[in-house]
Amino acid sequence: IIETALLTECDAIHPGYGFLSENAEFARKCEENNICFIGPSADIISKMGDKQSARQLMIESGVPVVPGSQGLVETAEEAAEIADKIGYPVLIKASAGGGGKGMRKAFNKDEIISAFETAKSEAKAAFGNDDMYIEKLIINPRHIEIQILADKSGNTIYLGERDCSIQINNQKLLEEAPSSVLGRVQADEMGRTAVKAAKAAGYYSAGTVEFVIDSEGNYYFIEMNTRIQVEHPVTEQVTGIDLIREQIRIAAGMKISYSQEEAAVSGHAIECRINAATPGVIRFLHFPDGFGVRVESHLFEGYEVSPYYDSMIAKVIVTGRNRLEAIRRMRRALEELIIDGVKTNQEFMHLLTYHPDFIRGTYNTGFWEKNHSEIEKWLQ
């Protein structure tokens with residue numbers, strides 16, 4: 001990629017939202033070759049990409065974090081000792097992790113040894129780094145993330161929150177903005193905390209500060225993503241702010257185009273990730289359209305879906321004046337979507353929008369484990 005950029009006299013590279021976007025080595029190679037990396041510096045990526053270092057920085061900055069290990073955990077035996085101290089269940093996490101990789105739960109001493117070794121092996125394979133740490137596992141929390149923008153002049157704003165609690169194996173399936181459970185007072189408090197976290201890291205560019213909220217409403221920092229995220233369109237839809245445009249402007253040394261007051265949230269947006277369940281060739285393709293409907297995809301008729309890459313093949317995003325209107329619009333959009341040639345999770349996502357827990361907004365990260373069997377019965 002660097003060679004191609006140099007040959008074509010390209011002066012900047014946008015890394016997207018895949019693993020390359022959080023690869024400090026790639027960002028550093030861009031810097032060394034006088035190519036602008038559209039994102040934060042390699043040093044910031046390293047600092048926040050190391051989840052244990054980021055956690056320690058947050059502790060020092062007064063940002064609430066989940067109780068856990070004070071440093072890296074080297075062995076399964078050490079992991080067991082720490083788990084005994086903080087209490088089960090625990091979450092074993094890769095320090096260099098992302099996208100749900102290198103992460104395992106352990107509910108007792110019998111499980112922690114195998115969970116630690118499995119997570120460590122997965123982290124090594126995915127990131128080339130098997131450094132691990134441990135956190136107390138908050139049972140079935142809400143997963144809330146705050147979108148921030150920060151420029152090189154020190155201006156930092158937050159752009160509301162996204163609720164990403166519907167997941168399978170730590171991979172998000174559906175995201176919405178704003179959250180159905182947060183009042184604006186708490187949402188703004190979390191936004192200010194996210195800004196504090198970003199400033200503590202000296203951060204600039206678009207970024208996301210991720211939190212979990214327990215059943216009592218307490219929130220805790222879990223990590224910061226130093227990139228644009230898959231689910232960024234829901235924030236764009238409710239704020240009217242083009243995050244990629246701002247990201248490019250910031251990379252060019254310009255200031256954020258908006259003040260905190262201008263980054264107000266209006267309406268409601270939902271995104272469904274459409275994932276391929278099988279490889280194959282796309283024989284026929286029809287995307288939904290119309291007011292309040294947005295689709296992002298790389299698919300075309302004749303495209304070959306490979307088994308070797310990420311399974312997400314499309315994102316369907318809808319916007320409504322309120323949450324109920326957005327839910328109804330998402331149902332219609334999913335009914336109109338046709339992807340012929342591979343099996344997808346489209347039907348499952350459509351039925352999910354009819355589930356009482358989703359309609360009431362009372363779901364949490366345990367939604368899949370609790371409800372997938374019921375929804376799959378509906379499919380039959």
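## Basis of the report

Helices (H or I, at least four residues) and strands (E, at least two) are DSSP runs, numbered from the N terminus. The structure is a predicted model, in which local features need pLDDT of at least 70, side-chain atom pairs count only at pLDDT 80 or more, and totals for chains, interfaces and linings use all residues. Residues are numbered from 1 along each chain as its sequence is written, and side-chain values use heavy atoms, with hydrogens and water left out.

## Helix α8

Among the buried residues of α8 are His-232, Pro-233, Val-234 and Glu-236. Gly-240 follows the helix and has a positive phi, near 75°.

## Helices α2 and α3

Two packed helices are described by the angle between their axes and the distance between the axes. Helix α2 (residues 24-32) packs against helix α3 (residues 42-49) at an angle of about 170°, and their axes are 8 Å apart. Because of this angle, α2 is roughly antiparallel to α3. Axes are lines fitted to C-alpha atoms, for helices over the stretch in contact, and angles run from 0 to 180 degrees between N-to-C directions. Angles under 35 degrees count as roughly parallel, over 145 as roughly antiparallel, 65 to 115 as roughly perpendicular and the rest as oblique.

On the side of α2, the contact (heavy atoms within 4.5 Å) is made by Ala-24, Ala-27, Arg-28 and Glu-31, and on the side of α3 by Ala-42, Asp-43, Ile-45 and Ser-46. By class, the contact of α2 with α3 has 4 nonpolar, 1 polar and 3 charged residues. In this classification Ala, Val, Leu, Ile, Met, Phe, Trp, Tyr, Cys and Pro count as nonpolar, Asp, Glu, Lys and Arg as charged, and the others, Gly among them, as polar.

## Aromatic pairs

Rings of Phe, Tyr and Trp (its six-membered ring) pair if their centres lie within 6.5 Å; planes under 30 degrees apart count as stacked, over 60 as edge-to-face and the rest as tilted. By this rule there are 7 aromatic pairs. In one of them, the rings of Phe-26 and Phe-37 have centres 6.1 Å apart and planes at 75°, so the pair is edge-to-face. Phe-26 belongs to helix α2 and Phe-37 to strand β2 (residues 36-37), so the pair ties together parts that are 11 residues apart in sequence. Both Phe-26 and Phe-37 are buried.

Tyr-363 and Phe-367 form an edge-to-face pair, with 6.4 Å centre to centre and 80° between the planes. Tyr-363 and Phe-367 are both buried. Ring pairs also link Phe-358, Tyr-363 and Phe-367 into a cluster.

## The sheet of β4, β3 and β5

In this model, two strands pair if DSSP finds at least two bridges between them. An open sheet is formed by 3 strands in the order β4-β3-β5, with antiparallel pairing. Its edge strands are β4 (103-106) and β5 (132-136), each of which pairs on one side only. The twist averages 25° from one strand to the next. Strand β3 (residues 90-94) and β5 pair in the antiparallel sense over 5 bridges, and Val-90 stands opposite Lys-136 in β5.

In strand β6 (residues 142-150), 9 of its 9 residues are buried. Arg-142, Ile-144, Ile-146, Ile-148 and Ala-150 point one way from β6, while His-143, Glu-145, Gln-147 and Leu-149 point the other way. Antiparallel pairing joins β6 to strand β9 (residues 205-213) over 9 bridges, and Arg-142 stands opposite Ile-213 in β9. Another 6 bridges join β6 to β7, and these strands run antiparallel. The hairpin of β6 and β7 has 5 residues between the strands, and Gly-154 in the turn has a positive phi of about 95°.

Strand β7 (residues 156-168) pairs with β8 in the antiparallel sense over 4 bridges. In strand β8 (residues 171-177), 6 of its 7 residues are buried, and Leu-174 in β8 is the bridge partner of Ile-166. The hairpin of β7 and β8 has 2 residues between the strands, and Asn-169 takes a positive phi near 55°. β8 also pairs with strand β11 (residues 268-275) in the antiparallel sense over 4 bridges.

Key
Buried < 20%, exposed > 50% of the residue type's maximum accessible area, 1.4 Å probe, protein only.
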